[in-house]
Amino acid sequence: MSRFFRSGDDSSSESSSEEEELYSEEEEEEEQDESEEEDEDEDEEESEEGSSSDEEGGKKSGAARFLRGDDSESEESDDEAPKTLKSAKDKQLAELESIIDTIEKRQKISDWGAISVEFDKLNRQASKIAERGRTPKLYIKAIVELEDAMNEAITKQKVTPKKMNATSARGLNAVKQKIKKLKQDYQTQVDSYREDPLDFLASDEEDEVPVPKPKKIKAEDFAELVDDDQEGFATVGKGGKTLLFTPESIFKHLRGILESRGKKNTDRVEQIKIMEKLHEVAATPYQQIKVLLTLVSARFDLGSGGSASMPLEHWKAAEKEISTLFEVLETNRDYVVIENAEEWDDDEKPPTLQAGEKYIKIPGSIVSYVERLDDELTRSLQTIDPHTSEYIERLTDEGSLYNVIFRGLLYYETLTKDESLQTPQDSLNRIVMRRLEHVYFKPSQVVKILEENAWKPVPADVESTITPRGSISDATNLLNVLCNYLFTNSDGIIRARAMLCQIYFLALHDEYYKARDMMLMSHLQETIGSFDVQTQILYNRTLVQVGLCAFRKGLVYEAQNTLQEICGSGRQKELLAQGVMIQRYAQVSPEQERLEKQRQLPFHMHINLELLECVYLTCSMLLEIPLLAQTGSSPDIKKRVISKTYRRMLEYHERQIFTGPPENTRDHVMQASRALAAGEWKKATNFIHSIKIWELMPNTDEIKTMLSKQIQEEGLRTYLFTYAPFYDTLAISTLSSMFELEDRKVSAIVSKMISHEELAAALDQVTSTVIFRKGVELSRLQSLALTLSDKAAQLIETNERTLEQRTQGTANAFDRRGGQNQRGGRGGGQRGGRGGARTGGTGPRQAGGTQFTGGVLGGAVRG
């Protein structure tokens with residue numbers, strides 16, 4: 001124990017003596033630092049690091065002394081040896097040489113991926129040294145040697161059948177691009193080295209003038225450097241430096257913004273402000289185009305997250321910037337923005353027009369910007385409450401958006417005139433489709449106003465080949481021209497959507513027969529299941545619009561038949577993308593719900609679902625009530641259902657014990673149905689006319705008149721079906737006065753019913769009476785027998801279908817007397833009594849067993 005404490009005392013004494021020596025050294029260093037200038041900060045850091053390491057070594061005491069071993073004396077002697085301190089420049093040169101040595105080693109094994117990484121380090125190290133003075137000559141030598149090695153590798157790769165791996169190939173291409181860019185900066189020095197390498201390396205370097213190191217700006221001194229404009233504020237970068245925006249630094253700033261795009265913790269709004277200032281200082285058309293393309297893309301990034309739409313002020317700014325871009329491109333016809341152009345990598349000087357070329361090509365996609373602007377407006381309208389003034393104000397931006405789409409179409413038409421640009425036809429088709437989607441659901445008056453406003457800002461020398469100025473005076477002609485262009489130059493989804501848009505527009509403007517013929521000739525009803533969801537929604541909307549058009553024309557049967565597919569499903573909201581249906585027991589994932597909300601249509605494109613239901617139920621009433629009367633009076637007629645939805649509502653309404661006055665559209669139609677079935681056609685007409693939703697349709701009075709006429713005719717048919725068994729003869733004049741129809745109309749309806757064998761009667765034209773045939777009605781027993789035969793026929797048909805599915809339609813489906821799959825009756829095979837032994841089912845059946853032969857149906861098949 002005593003030795004332990006004694007050793008601790010020795011160590012403490014030694015450490016205290018070492019600390020005294022260190023303090024004396026630090027005092028001497030402080031005196032030297034006070035005498036030195038401020039530009040030797042790096043040497044101070046090195047001396048401080050050395051002193052701190054010595055201090056850490058001096059603080060070792062206690063048990064650490066016993067861990068040093070036998071070599072402690074040699075280590076102490078090494079510490080006492082004098083050290084050579086290198087300057088910061090010598091250290092940087094040594095690091096430069098080590099990087100060059102690493103590159104040479106990698107060249108021997110052709111590891112171009114690692115060479116590319118080391119070359120980046122070499123460039124950064126050389127730029128640090130160049131800040132103090134001239135570029136090091138070793139760096140120039142390394143560039144030349146690396147270029148020679150690169151050319152040799154490329155030449156060897158062309159003649160060698162064995163290809164380089166993907167990583168090395170990418171590294172080789174990267175090195176090639178970097179050397180090509182660096183040679184432009186150091187071309188003079190590279191040429192001097194290639195002329196005489198020894199002379200270039202042996203030449204005495206000029207005396208370097210030490211560059212004073214900039215002092216760090218303190219917070220209180222920074223206010224003096226801020227410009228007085230912009231209300232006393234300036235854009236500050238990293239390190240507290242004020243960012244200066246000049247035409248020469250535009251591409252440097254753009255490069256930095258593009259590299260940071262998509263990274264975490266990137267302030268997008270700050271980047272947009274920087275690019276706005278860059279646009280203000282842009283001097284050349286190339287600078288303006290590049291800044292505008294980058295600025296619009298940055299604005300679109302603000303609305304790229306989830307379901308959040310793009311902020312309103314940024315959307316309007318993007319719309320103005322795209323319009324400015326079109327103006328710049330129209331003013332400077334030498335510059336074109338196309339998708340298949342190569343990126344210009346040189347940030348120092350802009351591209352120039354080469355000999356033999358007519359355009360300076362800038363990579364970019366105008367049609368993508370137009371589509372994104374359109375999509376962002378749609379997303380914004382989806383999130384705004386449609387019953388507020390904010391929605392109306394936002395909807396006014398559709399006019400400016402249509403102008404942008406129109407200008408984009410004119411620009412692409414200009415590009416397609418020059419075949420050397422190889423503009424893809426798909427880009428033009430996409431932008432024509434966007435223009436079509438903004439006009440197909442609008443009335444012709446609104447379309448005409450949109451077209452007039454779109455042509456106003458267009459210069460007089462710009463003309464459209466698809467829709468020439470002044471030639472499209474009518475909205476129908478405009479739709480025909482746009483759709484015919486897409487029919488000719490596109491295929492697939494765009495062509496199908498163009499056809500649906502034209503059918504929708506024709507149906508909206510009461511061109512029913514044209515819309516119906518186009519719908520039938522397109523055969524889209526057979527292939528619509530293979531299209532995307534948006535096209536299926538457009539198909540459903542078009543189908544509904546054709547049905548409404550048929551109703552306005554008075555074609556009740558066609559309207560009901562067309563609307564049956566959509567309205568009969570009970571999912572009108574979901575099928576028309578006008579709302580999300582919350583189904584019972586349905587498990588919808590958050591992703592599916594998000595997609596469903598994204599595909600919803602803006603409110604101004606909606607079809608009124610209440611009006612749609614009213615039309616469908618009214619048409620179903622006019623068809624179902626006479627059919628119910630017919631089947632009720634003639635049980636031999638096969639029962640058929642036109643609308644299950646309507647039948648279900650009618651049965652529910654009839655089960656009600658107390659029926660109050662109608663409150664909604666459905667109640668009005670149900671009570672009108674009961675009145676019509678009872679022969680009270682005037683009461684039914686009043687119920688139908690009192691529905692307020694008819695006011696939303698154009699020509700309301702004409703529609704109500706048409707409905708009154710239809711109710712009178714169907715009321716006559718219902719009356720004849722119901723009360724025919726109670727009449728021997730019935731005068732036409734009586735029916736005419738009862739239903740307030742003309743005699744000729746009544747005679748026509750009765751004749752049609754007789755010819756279709758719906759009414760067992762004859763029409764006496766001399767006396768203008770309807771003579772009903774007696775004895776045609778079936779008795780109760782006969783009706784039940786017919787019903788039984790119908791059910792038996794249905795049962796046989798069902799059995800036949802089931803058997804055909806199980807036997808795959810084989811010829812010997814009913815022949816069970818042979819084959820491996822034979823089953824010998826209930827027990828199979830032989831059975832010698834009630835408790836006898838059973839054998840396999842493959843043996844022949846014994847006499848007296850019950851053998852299944854397929855019955856009458858099996859005999860018919862075998863025969």
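User: How many residues are in the largest nonpolar core, and which have the most contacts inside it?

Analyst: A nonpolar core is a set of buried nonpolar side chains joined by contacts. In this predicted model, the largest such core has 167 residues. L436, F551 and W694 have the most contacts inside it. Helix α28, residues 609–633, provides the largest share of this core, twelve residues.

User: Which residues does F551 touch?

Analyst: Leaving aside residues up to four places away in sequence, F551 touches A559, V615, C619, W694, M697, I703, M706 and L707. W694, in that list, is also among the residues with the most contacts inside the core. A second, separate core has 27 residues, including A126, I129, L172 and Y193.

User: How many cavities of 30 Å³ or more does a search of the whole structure find?

Analyst: A cavity is space where a probe fits but cannot get out. The search finds two here.

User: Which residues line the largest cavity?

Analyst: Its lining consists of I100, I103, E104, Q107, L122, A142, E145 and L146. Helices α4 (88–108) and α6 (137–159) each supply at least two of the lining residues, and α4 has the largest share with four. By class, the lining has five nonpolar residues, one polar and two charged.

User: And which residues line the second largest cavity?

Analyst: I257, L258, R261, T294, S297 and A298 line the second largest cavity. Two or more of these come from each of α11 (250–260) and α13 (285–301); α13 gives the most, three residues. The lining divides into three nonpolar, two polar and one charged.

User: How many aromatic pairs are there, and why is Y411 with Y412 edge-to-face?

Analyst: The count is 14 aromatic pairs. Pair geometry is read from the angle between ring planes, and over 60 degrees counts as edge-to-face. For Y411 and Y412 the planes stand at 80°, with ring centres 6.0 Å apart, so the pair is edge-to-face. Y411 and Y412 are both buried.

User: Why is the pair of Y719 and Y723 tilted?

Analyst: Their ring planes are at 45°, so the pair is tilted; the centres lie 4.8 Å apart. Both residues belong to helix α32 (residues 700–723), four residues apart, about one turn of the helix. Y719 is buried, at 13% relative accessible area, whereas Y723 counts as partly exposed at 32% relative accessibility. Y719 and Y723 also belong to one aromatic cluster with F726, Y727, F739 and F772.

Conventions:
Residues are numbered from 1 along each chain as its sequence is written. This is a predicted model: local features need pLDDT of at least 70, side-chain atom pairs count only at pLDDT 80 or more; totals for chains, interfaces and linings use all residues. Side-chain values use heavy atoms; hydrogens and water are left out. A nonpolar core is a set of buried Ala, Val, Leu, Ile, Met, Phe, Trp, Tyr and Cys residues joined through side-chain atoms within 4.5 Å. Buried means under 20% relative accessible area, exposed over 50%, partly exposed in between (1.4 Å probe, protein chains only). Contact means heavy atoms within 4.5 Å. On a 1 Å grid over the protein atoms alone, a cavity is a set of points where a 1.4 Å probe fits but cannot get out, and a pocket is an open set with protein on both sides within 12 Å along at least five of seven lines; lining residues have an atom within 4 Å of a point. Grid points are joined across faces, edges and corners, and a volume is the space filled by probe spheres set on the points. Ala, Val, Leu, Ile, Met, Phe, Trp, Tyr, Cys and Pro count as nonpolar, Asp, Glu, Lys and Arg as charged, and the others, Gly among them, as polar. Rings of Phe, Tyr and Trp (its six-membered ring) pair if their centres lie within 6.5 Å; planes under 30 degrees apart count as stacked, over 60 as edge-to-face and the rest as tilted.
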